[in-house]
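Let's walk through this model together, starting where the chains meet and then looking inside them.

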Amino acid sequence: MTSRRRPVRILMAATLAIALVVLAACSSNNNSAPTAPSGTPQTPEAQTPKLKETLVVGFPTDVATLDGHKATGLHLIGLGAMLGDWLVRLDANGNPKPWLAESWEWADEGKSLILKIRDNVKMHNGALLTAEDVQYSLMRFKKYSIGAATLGMVHDVQVLPGNKVKLLMNAPFSPLLPSLAYTGIAIYSKAAVEKAGDDNFGKDPVGAGPYRLIEQKKGEHVKLEAFDDYWAGKPKTKYIVIRALPEMGARVLALESGDVDLIYVVSPQDAQRLAKNDKLQVLTPPSARINRIYFNVQRAPFDNKLLRQAVAYAIDREAIVKNIFLGQAAVSHSPGPEGAFGYTGEYDVYKYNPDKARELLKQAGFPNGFSFKYHLAPGRYLLDQNVSEAMKAQLKQVGIDMQIITMDWGALSKYLELTVDKTDFESAFLGWRSTNGDVDSAIMDLHSRYWRPNGNNNSFYKNEEYDRLVDQEESEADPKKREVILKQMQKILMDELPVIPLYSEPQIWAAKKGVKDVEITPLTNFGPLHTAYVEVN
Amino acid sequence: MGRYTVVRIGQIIPTLLVVTLLVFLVIRLIPGDPALLMAGESSTPERVAEIRKHWGLDRPIYVQYATYMKRLLSADLGMSIASSTRVAEEIAPRFLVTIKLASFGTLIAVLTGVTLGILGAIRKYSWVDYLATVAALLGISMPVFWSGLLAIMLFSVHLGWLPSGGTGTLAHYIMPSVTLALFTAGSIARQTRATMMEIMLNDYVRTARAKGVAERVVIFRHALKNAMIPVVTVIGIQLGRQMGGAIMTESVFAMPGIGRYLVQSITSRDYPAIQGTILVFAASFVVVNLVVDMLYGLLDPRIRME
C-alpha cells in the first residue's frame, strides 16, 4: 500500500467482524464429547464439526432488485452490493483496508485519488475485473444510487494504464477513501450491465462477489451459490438462501422454529426472549445510525434556540434507552455516531433536567409552555412510535405540548421536500447515519448548501461559521487538524441544536448457535460473507 | 338465463373501466412521489426530475392515463417502478398464491361454518349451539395477525409439525388457510344458523316431517337448500373479505401473495404495480359476484326467470 493513507482509527468502523464464540449446547442424544467453544483447543478429541450446506437468512424486506446501485432500501443495497463486491472495506478500527483496490495514492494536491485494482480478479461471467469495470461501476453508482451523495464530490473517473483508476475532484476531500467503503458502492461487470440493460441488470447481477444468484422466487426467496473462484478464497458455505420475512414477528418465529439460521432487525423485547433460548444467540454489533429530532430553525417556534434547548432538557433520553430499548441502545451525545473518526460527546450538556427546561421556557417568554407539530413515519425506525409517545409525555411535564402527526414514509418524504418558503414543517423524528466511519458524513448535511431539496438539511440550518468549518474540514489532509475541526463543528451543533441527537438505533441480529463468522457492518448489512458458516450440532 | 348471463358479463367491462380511473386518480392523490422515494433522502432535484421523466411521471395526468389505457387494451399492465419488471410478471405468480390461499380458506370456512350453523339451528340452545356460537364469535373477533402468530408458535415452534412460513408445499398452506378460514367461518355459521332456524319453522318443513320424511332429508333437502341463498351471499362477501384478510395472512406467514405485494407497492408508490394489483383484485371481486349471482339461479329457479 503506497501513499498518504488517511488513518481513520477509532472503533465504530464500517466493518466489524463478529466472530461468534459460543457453540451450541450439545443435544442430549449426542454422546460424543461436548464441543468446545471455538478457538479453545482444550478438547483434543473434538472432531471437525459438520457444516451446513446452506445458510438461510430471514431477510427484513422483500427482494425487489439485486442491483446494489438501484435498490432503495439499505438491506437490499447491501445484499446487491455483496454480489458485486467492494473496492475498499473498513477494518475493525475504521481504517480503510484494500479489497478490490489493492493500493492507492493521492495526486494533484489531494484533488485526485488513484486506485490500483487487484489483478486477476475473476468475475461470475468468467471475465477478469478491469479498471473499465470499476470506472463504469463508480459512475453508475453516482448516477443511480440513493447514496450517490457519498461520491458527490467526485466529478469524473478516469482509467489509467496498469489497471488503475483515477477519481477526480474539484477540491480535496479527505474522507474519500473510507467513503469508498460505503455499502452501495458495488463493482459490477460493465459488459454484463450493458448486455442486460440498466433496468434488467438487477435480475441477475454479475460482479466479483463471493456469491452469485442462481434462483429467484418473487416475494419468497433468492438463492445464492458460492463463487468458487472468489478472489479472497472459496466461500465456506455452498448456498445462501435469502428468505423474505418482512413481518418482524414472523421473522423471529421462523428462527425459533428452526426454519431460518439468521435474522436481523429484531426488537429488544424479542432479543431478550431469544437470548434465553440455549439454541440461539443474539448479536448486537455497533450501529452507525442515530435517531434525531430535526427542528425547522427558520420558523416559529423553533427559530428560538432557547426553545430547542428546553425540549432537549425536557427529554429523558436515559429513560428512553433503558425502558424502551431495555438498555440495548445508547444515548447519543453528538449528532455523529460514537466511535466514528472525529467524534466527541463532551458538548452534550442536556442531561435530563425539567427545571432547567422550565427556566429556559421562561427566558424565552413561554412560561406556560408552547405547542409544536412533530412528524413521524411510524415503523420506519425501530420502536419509533413508543419513543415518540414517551417524549410527548416527558415534554408534557414541563408544559410543552408535542402534537404527533403520523404519515407513511412516502408522504413524509414528499412533505420534507418542500422548500423553506413553502413548508410549515416544525419538527420531525428522523434517522441518519455515518456512511464511512467518519463524523463528517453524519453531520455535513447541516451545511446550508444542503437545504431541502438539495440535500438532507431538513432543519434549514444556516450558520456561516459552521459552513466554513465543513468546507475546511473536508479539504484538510492532516487527520489531526481535521479531528479538531470536526470537534468544533460538533460543539456548534450541540449548542445550537438544529437537531437533538437522541440515541443510536441498535442493530440486533439473532442466529442459531452454530452460525459463525458472519461479518456485519455498522450500517446493518453483511460483509462479503465468504467466511460465514453454520455448524450442525 | 342465457341473456341474463350475457348482460351480467357485459356489466363487467364498465365496472372495471371505472375502477381503472378511480385507482389511477386516487393513488396520485395520496401524498408521496415514487421518484423521490427512488432517489433517496440526500438526492438532488435534478436526479428526482430525471427519474420522473424516465417513468413518464412528468407528463400531464390525462396523458399518463391515456398511455396506461392504451397499454391496458393490449393487455399490458406496464412496468413496475420499484423492480423494473413487467407488472404482469410480478403479479401472476403472486396471484396464484393468493387464489390458492383464498380458495382453501373459503372451502374450510364454508365446511366448518355451514356445519356449525346447522348444528346450532337443529340443536338450538343446547351446548352444541353455545359452543358453535362461542367458536363463531372467537373466529370473528380474532385478528388474523394474532391468531396466525399463535398458530405458528404452537405448530412450528413448539410442535414442529408445520413450516412457519413460505409456500413450497401443500403443508405450507394448512396454517394460513385455517387462520384465514377462522376469520370468516364465524360469519357463515351465524348466517346459516339464523336462516336455518327461520326456515325450520316454515309450513313445508312441518308438512315434510308430518308425512314421515326422515329428519336428515328434511334438514338437507328441504331446509338447507332454501337456507343457502343468504348463505351464498355471505360466502360471496366473505370471499371478498378473504382477499382482504389474505393481505394480513400473507404477511404473517411470509407468503409471496398479491396482498403483500399491494402493500409494498403502496409503500414505494409504485403506481403501475398498484394499478395492476388493484385491477386484478377488482376483476376477482367482479367474477366472484357473477358466480354468486349465477348460483342464485341454480338454487332458486324463480330468480332465473327475471
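Which side chain of chain A meets that of B:Asp33 in a salt bridge? The partner is A:Lys414, with 3.5 Å from N to O. Here a salt bridge means a side-chain nitrogen of Lys or Arg within 4 Å of a carboxyl oxygen of Asp or Glu. Across the interface of chain A and chain B, the rule finds five such bridges.

Before going on, a word on conventions: this is a predicted model, in which local features need pLDDT of at least 70 and side-chain atom pairs count only at pLDDT 80 or more, while totals for chains, interfaces and linings use all residues. Residues are numbered from 1 along each chain as its sequence is written, chains are lettered from A and ligands numbered from 1 in the order in which they are written, and side-chain values use heavy atoms, with hydrogens and water left out.

Back to the interface. In all, 46 residues of chain A are in contact with 42 residues of chain B, contact being heavy atoms within 4.5 Å. Together the two chains bury about 3400 Å², with 52% of it on carbon and sulfur atoms; buried area is the accessible area (1.4 Å probe) that two parts lose on being put together, summed over both. Of the area that chain A buries against chain B, A:Asp199, A:Lys218 and A:Leu253 supply 17%, more than any other three residues.

Now turn to chain B by itself. You will find 13 helices and zero strands there, where helices (H or I, at least four residues) and strands (E, at least two) are DSSP runs, numbered from the N terminus. Its C-alpha trace spans about 85 × 55 × 30 Å along the principal axes.

Look in chain B at helix H10 (residues 215–252) and helix H11 (residues 258–267), which pack with their axes 7 Å apart and at an angle of about 90°. Axes are lines fitted to C-alpha atoms, for helices over the stretch in contact, and angles run from 0 to 180 degrees between N-to-C directions. The pair H10(B) and H11(B) is therefore roughly perpendicular, a term that covers 65 to 115 degrees. At this contact, B:Ile247, B:Glu250 and B:Ser251 of H10(B) meet B:Ile258, B:Gly259, B:Arg260 and B:Val263 of H11(B).

Finally, the salt-bridge count over all chains comes to 39. One of them joins A:Lys166 and A:Asp108, at 3.5 Å from N to O. Because A:Lys166 lies in strand E9 (residues 164–169) of chain A and A:Asp108 in the loop between strands E6 (101–107) and E7 (112–117) of chain A, the pair ties together parts that are 58 residues apart in sequence.

Key. Parallel < 35°, antiparallel > 145°, perpendicular 65-115°, else oblique.
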